[in-house]
Amino acid sequence: MRQTKSKDLRFFAGDFQPQTRRSFDSLRSLRMTLLLDPASLYARQRLHFVMAKPPEKSAVKSAKTSSGIPVDVTYSAGQPADFDPAAQLGNPGEFPFTRGIQPTMYRGRLWTMRQYAGMGDAEESNRRYRFLLSQGTKGLSVAFDLPTQIGYDSDSLLALGEVGKVGVAIDSIEDMERLFAGIQLDEISTSMTINATASILLALYVAAAKRQRADVKKLSGTVQNDILKEYIARGTYIYPIKHAMRLVTDIFAWAANEVPEWNTISISGYHMREAGCTAVQEVAFTLTDGMTYVQAALDAGLEIDTFAPRLSFFFNAHNNLLEEVAKFRAARRMWARIMREHFRAKNPRSWMLRFHTQTAGSTLTAQQPENNIVRTAVQALAAVLGGTQSLHTNGFDEALALPTEQAARIALRTQQILAHESGIADTVDPLAGSYYVETLTNEIEERAEEYLTTIARFDLGGKYGMLRAIEQGYIQREIQNAAYAYQKAVDEKDAIVVGVNEFISEESTVPIQRADKSLEQRQVERVQALRARRDAGVHAVALRAVEDAARSGENLMPRIVAAVEAYATVGEIADVLRGVFGEYRETVVV
């Protein structure tokens, strides 16, 4: 009896809340006294009842994930219900890829460590890229300024005051050459965060590589090229959706032959998450965007196994560590089934959800900015545990300005410490089989599937429900409602943001990156000098060819490449397409 009672004591000791430790200690002392007295059987039984009694429900704080999924106090065998490891997990590198897309994952090759950077003009950004490469980054990630993103040259009146502010200004092939001076393009991987003008910037990159005498067939990297999320959450669109989708699929078709190692799209949940959506919504809306791109490519006559292996995704990593891990695993499993069962892709590489992750910029705080180092580390940990293929970690000062070299170095070192000191890269999917993680993975999948079903109903044909949902403002409203709910929780302290609504202290100051105000004028002078010395006749012919292709329906990419090689600028090519396609007018969401 004593042995059984002692075992019970050890079991229930773990159930006590921290605030009851002192009373537990006194009860334990009393119990030891009673156990020495065999005549006190009733007292011992009564004591066992007191100690075994679980905490009152009212004393246990309820908890939910950021998506509103209720979290139990404890998880155990039988959770999730009807869990089938063979069907729902499988082996790493095998369908449904829940556990990762490669059999050995990081034991075979670490994720690509990228740092998103771009500021001022091409020379300024080139200096930062060289610095990052010297510190051990393995891939570059280019941030473009707003005029470049929406198709205006630096000397446009609409670009005034924005040149080089949130990224690098790129107007011409000369800028692209300066951006990568001394960096051999067929020896690195480059990601470019560009959407409405993705076709032009990809053409500039390829043209610059040719001038380096690089092997274009070996160019590797990603062009974001995800225009749908621009209409939903970010706003750097130019053309009506129909024409913008054509540009996307033109890139798919052209790149399959010309730059076969290039990822032709990065289907991006990141920006929707930054706008306020939940983890469940991020999965649902991102995968539905992906389905829309696949269907558009099929309708354009492309073979699914020709373009699908080069599709890639871009997710956010937020603070709720285990929900984020489950999110990545659920997304991978869902996409595998969508591609194999819905679109009937035959190539297993077409089933793989390959993704880049960036830590959550929207979680960074201007208050106590050093805290952002910890936030970024937690988010990076979630991305790696979730099986990301590449990762960018934010600088701790990015709530204040573009990151300094010191902040960028700390962000990169965060990844390197995870890779080489933490041990998490030593085995594949180390959280597999966790009662909680598997329950969350299933729950996120189920809730995301409900969104997919709802969105499909917006189009009676079922193919383009996402386009109709965007046009009618449904997706935007869902994100706005989620963002409002979160902000309300912060305001009411139901969600704690350290240093903002709790644990507030005196503000600390950190050095911030300062933009050189003279860069804008220099960039304006460069683009104007380019126009003055180029061959006007060759330039005009090249732009007419772009216009003819836009009107005829032929693939635009060869014409755009020829135009940038003739020194046509980003703004000039975008203007030609504006003249043919028109411009998009946003749906007002109320």
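This is a short chat about a predicted model of one protein chain.

Reader: What are the ground rules here?
Author: The model is predicted: local features need pLDDT of at least 70, side-chain atom pairs count only at pLDDT 80 or more, and totals for chains, interfaces and linings use all residues. Residues are numbered from 1 along each chain as its sequence is written, and side-chain values use heavy atoms, with hydrogens and water left out.

Reader: How many helices and strands are in the chain?
Author: The chain has 24 helices and nine strands. These are DSSP runs numbered from the N terminus (helices: H or I, at least four residues; strands: E, at least two).

Reader: What share of the residues is buried?
Author: Of the 590 residues, 54% are buried. Buried means under 20% relative accessible area, exposed over 50%, and partly exposed in between (1.4 Å probe, protein chains only).

Reader: And how many contacts link positions 24 or more apart?
Author: They account for 77% of the contacts with a separation of 6 or more. Contact means heavy atoms within 4.5 Å.

Reader: Now helices. How do α14 and α16 cross?
Author: Helix α14 (residues 321-342) and helix α16 (residues 371-385) have axes that come within 8 Å and cross at roughly 30°. That makes α14 roughly parallel to α16. Angles under 35 degrees count as roughly parallel, over 145 as roughly antiparallel, 65 to 115 as roughly perpendicular and the rest as oblique. Axes are lines fitted to C-alpha atoms, for helices over the stretch in contact, with angles from 0 to 180 degrees between N-to-C directions.

Reader: Which residues make that contact?
Author: From α14, L321, E324, V325 and F328; from α16, V378, L381, A382, A383 and L385. They divide into eight nonpolar, no polar and one charged. Ala, Val, Leu, Ile, Met, Phe, Trp, Tyr, Cys and Pro count as nonpolar, Asp, Glu, Lys and Arg as charged, and the others, Gly among them, as polar.

Reader: Switching to rings. How many aromatic pairs are there?
Author: The structure holds 19. Rings of Phe, Tyr and Trp (its six-membered ring) pair if their centres lie within 6.5 Å; planes under 30 degrees apart count as stacked, over 60 as edge-to-face and the rest as tilted.

Reader: Why is the pair of Y237 and Y584 edge-to-face?
Author: Because their ring centres are 5.0 Å apart and their planes are at 80°. Y237 is in the loop between α9 (228-234) and α10 (241-258), Y584 in the segment after α24 (570-581), 347 residues apart. Both are buried.

Reader: Which residues form the aromatic cluster?
Author: F313, F315, F328, W335 and F355 form one.

Reader: Last one. Is N225 buried or exposed?
Author: N225 is buried, with a relative accessible area of 2%. Its phi is near 55°, a positive value in a residue other than glycine.
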